[in-house]
Amino acid sequence: MSRYFKYKKSVQLADDASRLGLAVELLPDLSPLLEPFDVDGRKVGNRLAVQPMEGCDAEPDGKPGPLTIRRFERFGGGGAKLIWGEACAVVPEGRANPRQLLINDANAASLGAIVQTCRETHRGECGDDDDLIVGLQLTHSGRYSFARPILAQHDPLLDPRTVVDKATGTKAGPDFPLISDDELLRLQDTFVAAADLAYRIGFDFVDLKQCHRYLLNELLSARTRPGRFGGSFENRTRFVREVAGRIREAHPGKIVATRMNVFDGAPYQVGPDGAGEPCPFASPVQSTWGTRANDPREPDLDEPIALIGLLRKLGVGLVNVTLGNPYASPHLLRPFEYPPPDGYETPEHPLIGVDRHFRLTAQIQSAFPDLAVVGSGYSWLQVFAFEAGAANVAAGRATFMGVGRGSLSQPDFGVRIASGEPLDPKRLCRTFSYCTALMRSKHNELGQFATGCPPFDKAVYGPIWDEAKRPSDQDFDRK
Ligand SMILES: Cc1cc2nc3c(=O)[nH]c(=O)nc-3n(C[C@H](O)[C@H](O)[C@H](O)COP(=O)(O)O)c2cc1C
């Protein structure tokens, strides 16, 4: 069986899925995606979500740049009723790249313009924006902060690939200091203040980002960390519980959300044939979250489910389920046709990766049937993504389907589905990883290229791609 996407008809895809023993179902009737849903008292007009898709195009001070505004214009006019705004750092030292958004008083007005832009274009295309919600993903990049890695724990799997001194290439050893409890306490205040600001400037929800091995995700697995934020489940989840509780207490009517890894999995490396293989590990693995200690290739959702239960009681009403690490296990996070430049060929049929997303999301949804749960990992399915989303929503395996890479190539998918117009076959994301390649390109005067979809949004990103692919020593800098 070919591992490449070659499906002209849904029956062919369904055949491969059943041959692989997977439960990927397709429903040609897309109407379940057009049903409204109430999230914490806010009506959301359909089940289509735009996933957070960072464009690495902010100004150096963290204000949105022209391409950031353009992206939100396109998302707003696209017809999805849930727009999950991208990663926005809460402190400068927590930015993942020098062009990541940054929330603070000085940037507040221009960040607020993102929401206004979104709403205006949405009204223009859809008539009404009462049932549109727009959120902002509040983040600290932790180990993947570009200026200097900031570690919550020592991780025997990730430390050997975490460069703490770019000049010498030194990796994080046992002596490299962890972020202190006092710094984390201050950071909690910063998250609360950032949420306050985000609501004030018009965002309908804030996301406490606990995924992709950034800081709040790493804290969840900080079993070997001493002090009040490490060790026990209670300590490891303290940061996010306290922050969520404080935000909700200060803003009882507002939606508090979280994008959470429910399965970190093992880091992968390039194997002898170019395909990814899990890095060697010694059992039990203590440094991962949602992952079986004696086999980190397998999920274990007990702790993620327990945490979501606690967060729910604290008022978190919207959960976006995701997996993996963009630097160390990209195939888990976004099943792909061709790998990003710092990646490896897919170690599994991408349908297996899609199915993993669907199964784990379904497990979370079945543990919390009334919770608004967004599923991820759809784009590899190309045109069939929406039939899969309809099947998942209709069967109660997810509340919303989230579209990531596909929303860069064809942001107007929601308008098309609502009007019964087919998707444009010429702008379907093919998961060739151009967008990730641009994200990994750092060799310009800003230290970061903007990202988008070079093949299908060519007028804007074609020239950026041409510039980025010019040979350079630092081409496709590996973090
Ligand atoms: C260029 C790019 C930017 C992304 N930015 C973010 C981000 O800001 N926050 C986040 O949680 N995930 C981010 N992701 C991950 C996506 O939201 C999504 O989970 C992933 O692409 C898988 O979904 P898909 O198969 O629909 O693309 C990004 C992915 C890509 C390729």
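**Charged pairs, ligand and backbone**

Reader: Which residue does Arg238 form a salt bridge with?
Author: Arg238 pairs with Glu242, and their closest N and O atoms are 3.6 Å apart, where a salt bridge means a side-chain nitrogen of Lys or Arg within 4 Å of a carboxyl oxygen of Asp or Glu. Please keep in mind that this is a predicted model, in which local features need pLDDT of at least 70 and side-chain atom pairs count only at pLDDT 80 or more, while totals for chains, interfaces and linings use all residues. Residues are numbered from 1 along each chain as its sequence is written, and side-chain values use heavy atoms, leaving out hydrogens and water.

Reader: Where do Arg238 and Glu242 lie?
Author: Both lie in helix H7 (residues 238–250), 4 residues apart, which is about one turn of the helix; helices (H or I, at least four residues) and strands (E, at least two) are DSSP runs, numbered from the N terminus.

Reader: And why does Arg238 count as buried?
Author: Arg238 counts as buried because its relative accessibility is 16%, and buried means under 20% relative accessible area, exposed over 50% and partly exposed in between, with a 1.4 Å probe and protein chains only. Glu242, at 25%, counts as partly exposed.

Reader: How many salt bridges does the structure hold?
Author: The structure holds 36 salt bridges. One of them joins the side chains of Arg143 and Asp159 at 2.8 Å, N to O. This pair links distant parts of the chain, with both residues in the loop between strand S6 (133–139) and strand S7 (163–165), 16 residues apart. Arg143 and Asp159 are both buried.

Reader: What network are Arg143 and Asp159 part of?
Author: They belong to a network of salt bridges that also links Asp155, Arg213, Glu218 and Asp264. Arg213 sits in the loop between S9 and H5 and counts as buried, because its relative accessibility is 3%. Its phi is near 65°, a positive value in a residue other than glycine.

Reader: Which other residue in that loop has a positive phi?
Author: His212, found in the loop between S9 and helix H5 (215–220), has a phi near 60°. His212 is buried too, with a relative accessible area of 7%. For context, most residues other than glycine have a negative phi, and most peptide bonds are trans.

Reader: Then where is there a cis peptide bond?
Author: A cis peptide bond joins Ser283 and Pro284, with omega about -5°, and Pro284 is placed in the loop between strand S12 (276–278) and strand S13 (291–292).

Reader: Switching to the ligand: how many residues surround it?
Author: There are 23 residues around the ligand, and the closest are Pro52, Gln137, Ser379, Gly404 and Arg405, where near means that a heavy atom of the residue lies within 4 Å.

Reader: Which polar side-chain atoms lie by an oxygen atom of the ligand?
Author: A polar side-chain atom of Ser379 lies 2.7 Å from a ligand oxygen, and one of Arg259 lies 2.8 Å from a ligand oxygen. The protein covers 97% of the 610 Å² of accessible area that the ligand has on its own; such areas come from the Shrake-Rupley method with a 1.4 Å probe, and for residues only the protein chains shown count as cover.

Reader: What about strand S10, is it covered or open?
Author: Strand S10 (residues 255–263) is mostly covered, with 9 of its 9 residues buried. It runs parallel to strand S15 (residues 316–323), joined by 7 bridges, and pairs in the parallel sense with strand S9 (residues 205–208) over 3 bridges; two strands pair if DSSP finds at least two bridges between them. Phe205 has Ile255 as its bridge partner in S10, while Val256 has Val316 as its partner in S15.

Reader: Last one: which residues form a nonpolar patch on the surface?
Author: Tyr4, Tyr338, Phe432 and Tyr434 form it, with about 330 Å² of accessible area together. Patches are made of residues with over 30% relative accessible area and no salt bridge, joining like charges within 9 Å and nonpolar side chains (Val, Leu, Ile, Met, Phe, Trp, Tyr) within 5 Å. Phe432 is placed in the loop between helix H13 (413–419) and helix H14 (434–439).

Conventions
A polar contact is a pair of N or O atoms within 3.5 Å; within protein, one must be able to donate a hydrogen and the other to accept it, and residues adjacent in sequence count only if both atoms are side-chain atoms.
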